[in-house]
Amino acid sequence: MKPAVYRLFRHLPMPLIAILIGLVAGLAVWGVLDQVQSKAVERIFNKELTARLDLRSRESLLRFDQYMNNYAATARLLANHRRLAQYLEPLFWFPEEAVEPVVYEQFRPFWLPDFFERNALLAPSHVLLMDTRGQVREIYQAGKKPLPPEILADAGTWVGDGDEVHTVLARSGDQPYLMVSDRVEDAGGYGMGHLVVVVPIDSAFLEASEGSVSADSSAVALVDADEQRILATNEPLELIPGTLLEQWGDEFLVTSQSLPKYEGSNWNMLFATFIPHSSVEKMTERVVEFERSQRLIAALVFIAVFTLVIYLVSARLNRVLARMTRFSQRALQIEQPNFKRGGNQLLLLEDWIQHFTNLVLKAREEMDRRHAHEMRETEALKAAIMEASLDAIVTLDRAGLIVDYNPMAEAMLGLTPLNAINGDFARRFLDAAEHAAFLGMLSESGRRQQGHRRPHARGELWARRIDGARFPVELSIVPIDIDDERVYTLYIHDATQRKAAEREIKSLARFASESPNPILRVNGEGLIVYANAASRSLTNAWASGPGQLLPLAWIGEVRAALNDGRNHEREDDQGEQIYSLLFVPITDLGYVNIYARDITAVRRAEQESRQHQSELVHVCRLSTMGEVATGMAHELNQPLSAIVNYAKGASRRLQNGVNDTAPLVEAMRQISSQAQRAGEIIRRLRALVGKQAPIRSVVDLNYLVREVCGFLEFETGKLALRIELNLLDGEIPVSVDLVQIEQVLLNLVRNALDALEDKPVEERHLAIFSLVHGAEAIVGVADNGPGIPEERMAHLFDPFYTTKETGMGMGLAISQTIIDDHGGEIRAESEPGRGSVFHVHLPLAMDARATAAAPAAAEAPLAAEAGR
């Protein structure tokens, strides 16, 4: 046998023998390596798979915990929302009373905005409002299923004592619930109780917490730790709730973890992750098959290369080298060497290998340069972030000494290289009372990192600048491990402005209660939902109070303000006190704010002002009396002289014994007539100067004009002037104070007479006209004097403004006050060089308005033109 084999190999060509040897050697090596490496790969993969499965279970737990934290954050937003504070502001819950909670079934109350859908959270099944005793006052029920009685009965035990959000996992039967509570306050900052959000933990909750189904069909479940029984799962069709964990060991790889401690929970719970064995086995088989195919390919390549090398060395070295160079060119993109026939091919191969090595070294150097460049870019980016940060960033070592800081820290704390680097941060830049709290935050951040919870600690402290100034800051600490050395990065935010804004908001919230004036809030039905302390006297006068209805008259005013959407201002006279009430409707919320103001002193001052005005009018009339005294004396002297003459003549006739009685009778008649004339003059004088209380009565405006003209007969006679009267036919009834309106007309006519003194006698013209326009009576005084310059028109009715040398400047000011008090208007028109016209508008008496004559507006311009 041996010689035959020897002869066979002897006659075989050398390339063929090389191929056979290469095949046998390669197959033998592959067979040995396949057995050894398959087992090694399987062990390595199983170890790596176990680590990955543990990591996946921890990630599922983190997602579940984060999802519950999202509910806690949303519950805090709801508890601090302004709509809930506004709703609680007028409420007062008596702690000793037992009440049945108000249930909002399948509709959302005003105080509960929809934050859950906005934050991509499942809507809670129930939301509770509890008072400070833990008694449930109001319940929002999203569906038809009520809250379990044992959950409702123990609701007071789920809330926390502090200001932090309290999260509890409760259980009713086989149904677990997430209970999130937070403290609530009204708009004034008064604590009213707690807001409790109740969410059932079911398949939908777990599915939402995990986001989406993983590629390996993994599932999660909430498990009773004592009974090892599934209570809720995101795959209820595959994992049946109520079954034991041991039932699923053949189908799934189960990893269970303890949930974080939730204070107040009434059961022990586990969070389990289920991964099907089939997916794990398939993955293992795929990896092993992949590794085996790769080894087979590697072995085949090894056999081919080994065979080809021997074959090319022995027979066709140049062709093998050409193929290798083409392969290297396609795979590595390197330059192909130039092989020449007839040369030493082994030496050429050595040169090519050296060339290839140099290319590899160059590629490595290029990769090192790129890596260094990327590192510099990363450092530059981090430095830019540190420079641009609006918060102070300080890095401390394990001992609390400063390692690095950004420019904002330098500006905020006054850090410098001299007082910062290697300096104790807490002792130099924190208030002495905050040292213990800061050290506690450092240790807390380390514990949180080891426990895989939030990787940082937050808090509010009082910092201190290098100059000693104290200010509040928000501090966040992030621990970082670098080469087994731990450092702490501090993110410091100046909270001065936020604290000031909080104080401002609290002060504004107390604004209504601190107001010295009464402020009430009333709904559309007239129910008082809020009243501050200053409104107690007003509500006592109304025999009402918070939680009670307003008087009927004011309920109608509230509804009217809400209907037209405008402010209404009214007065309420309570006898001893008078209030001004301003009704301000808030239409979008359906209530009215009533702002009251005690105006008793103002009304008394107005009454005193009217009395002073009456006295001032009387003084003005006395002044006028002095000016017309000469005319009155002249007029009174005429009838008295006539009486004396007639009396002397009658006396002489009687002494002479004249028996004719006719002359005596005529003399007696003349004496009586002249005496009546003197009495009329005295009556006018007494009416002019007499002081009396303001009395409103209905009088004829034309009669007042004629009376005033009678007062001024002497002065008009002295100026050789006759007043032209263009009065409306019939009577013009007005409800006025007779004496005051006469005083106004007397002032206007006297001013017109003064304006005509420098006018030639034949050119003097004074006219008084009256007419009715709508519900107003108008009387005008027109003269053709020099007129009033335009610059004086703006000050015409100002007190103490006069152009006369002997005038006081009070006539027109008093006249305007009197007319305003009568609800009328006085105005002047003047054209320099042509004269002036003063118009007095007074309201007609109520009985005369219905039968008032048609407007005679055209008469005023004609009368004014005639006066000029």
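Predicted model: local features only at pLDDT ≥ 70, side-chain atom pairs only at ≥ 80, totals over all residues.

The order β12-β11-β15-β14-β13 describes an open sheet of five strands with antiparallel pairing. Strands here are DSSP runs of E of at least two residues, and helices are runs of H or I of at least four, numbered from the N terminus; two strands pair if DSSP finds at least two bridges between them. At the edges stand β12 (402–405) and β13 (457–464), each pairing on one side only. From one strand to the next, the twist averages 30 degrees, with axes fitted to C-alpha atoms, for helices over the stretch in contact, and angles from 0 to 180 degrees between N-to-C directions. Strand β11 (residues 392–396) pairs with strand β15 (residues 485–494) in the antiparallel sense over five bridges, and A392 stands opposite I492 in β15.

Residues are numbered from 1 along each chain as its sequence is written, and side-chain values use heavy atoms, leaving out hydrogens and water.

I turn to the open sheet of four strands, ordered β8-β7-β10-β9 with antiparallel pairing. Both β8 (229–233) and β9 (252–258) are edge strands with a single partner, so one side of each has no neighbour in the sheet. Strand β10 (residues 269–276) pairs with β9 in the antiparallel sense over seven bridges. Within β10, F274 is the bridge partner of V254. Helix α5 (residues 203–210) packs on this sheet and touches β7 (219–224), β8 and β10, contact meaning heavy atoms within 4.5 Å.
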